[in-house]
Amino acid sequence: MIKRSHTCYVCKKTFTNASYWYDSLHDTKHDKRIIRPFCGPPCANRYREISDVNDYPSRKPLPNGPEWQVIGDIDYIEYETD
Ligand SMILES: [Zn+2]
């Protein structure tokens, strides 16, 4: 498998080896799976300040289906971002 690169949602930098990302699995803002990668802790923290996603309730119970599998690593998968 080919390791992919990511574009940081906050600063738009291209990077590899993602450790931080937003996943729409966890809140009810989006009705589809959206991944927003962050290049590191500063951008992940900044995202919490600039985004309204924490204003949305958690998704409970978690949805079922192939598009809602738990994602532990985004370096080797295709994902939809925005
Ligand atoms: Zn960044």
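Predicted model: local features only at pLDDT ≥ 70, side-chain atom pairs only at ≥ 80, totals over all residues.
Residues are numbered from 1 along each chain as its sequence is written, and side-chain values use heavy atoms, with hydrogens and water left out.

Cysteine 8, in the loop between strand 1 (6-7) and strand 2 (14-15), and cysteine 43, in helix 1, are 35 residues apart, and the pair links distant parts of the chain. Helices (H or I, at least four residues) and strands (E, at least two) are DSSP runs, numbered from the N terminus. Cysteine 8 has a relative accessible area of 0% and cysteine 43 one of 11%, so both are buried (under 20% relative accessible area; exposed is over 50% and partly exposed in between, with a 1.4 Å probe and protein chains only).

Cys43 leads on to helix 1, where Cys43, Ala44 and Tyr47 are buried. An α-helix has 3.6 residues a turn, so residues three or four places apart point the same way. Pro42, Arg48 and Glu49 are exposed on the other side of helix 1. Alanine 44 has a relative accessible area of 7%, and its C-alpha is 8.3 Å from that of tyrosine 22, a residue 22 places away in sequence.

Tyr22 and Tyr47 also belong to the largest pocket, where they lie nearest the centre together with Asp27, Val53 and Asn54. A pocket is an open set of points on a 1 Å grid over the protein atoms alone, where a 1.4 Å probe fits, with protein on both sides within 12 Å along at least five of seven lines; lining residues have an atom within 4 Å of a point. The largest pocket holds about 270 Å³ of space. Strand 3 (20-23) and helix 1 (41-50) each supply at least two residues of its lining.

Some backbone details remain. Lysine 12, in the loop between strand 1 and strand 2, has a positive phi of about 70° although it is not a glycine; lysine 12 is exposed, at 54% relative accessibility. Asparagine 17, in the loop between strand 2 and strand 3, has a positive phi near 60° and is partly exposed at 44%. In the segment after helix 1 lies proline 61, and the peptide bond from lysine 60 to proline 61 is cis, with omega near -5°. Proline 66 lies in the segment after helix 1 and is exposed at 69% relative accessibility. From aspartate 52, proline 66 is 14 residues away in sequence and 27 Å away in space, C-alpha to C-alpha.

Note on methods. Points joined across faces, edges and corners; volume = space filled by probe spheres on them.
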